[in-house]
Amino acid sequence: MQSNADEWRPATGSMPKRILFIETVANGVLGGSTFSLRDLVHSLDRRRFEPYVVLYSDLALRGDLEKVCKVILMEQGDRYQSSPGGPAPPSRLRVLGRFLFHVGAHIVPMTLALSRIIRRERIDLVHNNNLLDFSLEGILAAKVCGIPCVVHQRGIGKVPRLARLLSRYVDVLICISDAVREFCVMEGVPVKRIERVYNGVEVSRIVPSAGPDSVRGALGFARESPVVGIVGTIQRWKGQREVILAVSKLRERFPEIRCLIVGGVYDPAYDAEIRNLTEALGITKNICFLGHRTDIVDIMNAMDIVIHASIAPEPFGRVLIEAMALGKPLVASKAGGPMEIVQDHVTGLLVPPGDVEAMVKAVSILLESKTLAAKMGAAGRRRVEQQFALRKTIEGVARIYETVL
């Protein structure tokens, strides 16, 4: 393990409570959870809380985190995946063997390693930044060391048995939307308390550094070309495939339409599939794969419409509030968190998940009426300022800390 001990400087003044954040993303792909962690660590009141961060992989935002806190980089092996699937599911005996190997080769040594960090740094509370099932060693380490533990539940999905068992040691499960909270309640997760705290953004910081025409020019688009886009990691449930199919139909009415597909590749096979689909449909001119970008604000600002197309319930949808902060009208899937963010026919249009025809209709309405699109964008900007400001997120999390410390 590595740390930036030479660069980091501890807080001064009174003794703030030390919070250990654990980020278990191991593939290096940045997403909403990692950006939300960055914002939380940067914005906590240092008079009350002193953050420390453990990373399981050398994320691109490590340097950003090191500016404000101590960061510890831990090496760890591939995580055990319990989800079935594939043409030949493993036998129960094989699954049990893999599970026991995972416990012995990963959970136990990582629990011990985290416990050493907790004791060495005199940590007061452990904050696991990911799902319950990716927080097992963090939960155990907090229990072993006798300190409170919170888990930031940032997803919707079946809770495995071991995670369910260990969740009884979680003091507070922080859910990022009512959709996530309701799912956890339905699952009967035996945590001591469940709280909903929306993700938030600092609207004043979401300021483009380049104008839309400049970005479009750099991408080789004509100024008058309609531009739509989807931002998110490249994985099947995010719905990039459905957006590509929609663009193939939209091209009939809007021949010069351009679609930006932005995000790091989480599933290489799916990435290859949607690129092949683009070629098969003959729309390579209309689709632009941009991969991971650090200038997301500029890229989204160049879009006329931001599309959210998840085919499964989205836990929250951070990109939606970022787009709203830019005054962009939205077309979003009517499931999960987006239903709490997007006001249908006010800040955007909601469509059934996976319904390509409905997506085509919604995008067409907004492209054909710039007045309506501008009105929805302005309403979205006001809504994010009122309901999804970062200060509300920080206040909510801080209040939870104080109830368990």
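Which residues are linked with R38 in a network of salt bridges? In this predicted model, the network consists of R38, D39, R318 and E322. E322 has a relative accessibility of 17% and counts as buried, because the cut-off for burial is under 20% relative accessible area. R318 is buried as well, its relative accessible area being 8%.

Side chains of opposite charge can pair when their charged atoms come close. Over the whole structure, the search returns 28 salt bridges. One of them joins the side chains of R18 and E50 at 3.7 Å, N to O. R18 is located in strand β2 (residues 17-23) and E50 in strand β3 (residues 49-55), so this pair ties together parts that are 32 residues apart in sequence. Both R18 and E50 are buried. A further salt bridge is formed by E121 and K70, whose closest N and O atoms are 2.6 Å apart. Here the linked parts of the chain are again distant: E121 is in helix α3 (residues 92-121) and K70 in strand β4 (residues 70-73), 51 residues apart. E121 is buried at a relative accessible area of 7%, and K70, at 9% relative accessibility, also counts as buried.

Strands of a sheet pair through backbone hydrogen bonds, either parallel or antiparallel. An open sheet is formed by 6 strands in the order β11-β10-β9-β12-β13-β14, with parallel pairing. Its edge strands, each of which pairs on one side only, are β11 (287-291) and β14 (348-351). From one strand to the next, the twist averages 20°. Within this order, strand β9 (residues 227-231) and strand β10 (residues 258-262) pair in the parallel sense over 5 bridges. V231 has V262 in β10 as its bridge partner. Helix α8 (residues 240-250) packs on the sheet and touches β9, β10, β11 and β12 (305-307). The direction of α8 makes about 170° with that of β10.

Helix α8 also packs with helix α9 (residues 268-280): the two axes come within 10 Å and cross at roughly 5°. Angles under 35 degrees count as roughly parallel, and α8 is therefore roughly parallel to α9. On the α8 side, the contact is made by Q240, R241, I244 and L245. On the α9 side, the contributing residues are Y270, E273, I274, L277 and T278. The residues of this contact of α8 with α9 divide into 5 nonpolar, 2 polar and 2 charged.

Helix α13 (residues 356-368) and helix α14 (residues 370-387) pack at an angle of about 100°, and their axes are 5 Å apart. The two helices α13 and α14 are therefore roughly perpendicular to each other. In the contact, I365, L366 and E368 of α13 meet K370, L372, A373 and M376 of α14. By residue class, the contact of α13 with α14 has 5 nonpolar, no polar and 2 charged residues.

In helix α6 (residues 178-187), the buried residues are D178, A179, V180, F183, C184 and E187. Among the elements that cover these buried residues of α6 are β6 (149-153), α5 (161-166), β7 (172-175), β8 and α12 (338-341). Just after α6, G188 takes a positive phi of about 70°.

V197 is placed in the loop between β8 (194-196) and α7 (212-218). At 6% relative accessibility, V197 counts as buried. Leaving aside neighbours within four places in sequence, the contacts of V197 are I174, C175, I176, T393, G396, V397 and I400. V197 and E395 are 198 residues apart in sequence, while their C-alpha atoms are 9.3 Å apart in space.

Definitions and conventions. Residues numbered from 1 in each chain as written. Predicted model: local features only at pLDDT ≥ 70, side-chain atom pairs only at ≥ 80, totals over all residues. Heavy atoms only, no water. Axes fitted to C-alpha atoms, helices over the stretch in contact; angles between N-to-C directions. Helix = DSSP H or I, 4+ residues; strand = E, 2+ residues; numbered from the N terminus. Parallel < 35°, antiparallel > 145°, perpendicular 65-115°, else oblique. Contact = heavy atoms within 4.5 Å. Nonpolar A, V, L, I, M, F, W, Y, C, P; charged D, E, K, R; others polar. Salt bridge = Lys/Arg side-chain N within 4 Å of Asp/Glu carboxyl O. Buried < 20%, exposed > 50% of the residue type's maximum accessible area, 1.4 Å probe, protein only. Pairing = 2+ DSSP bridges.
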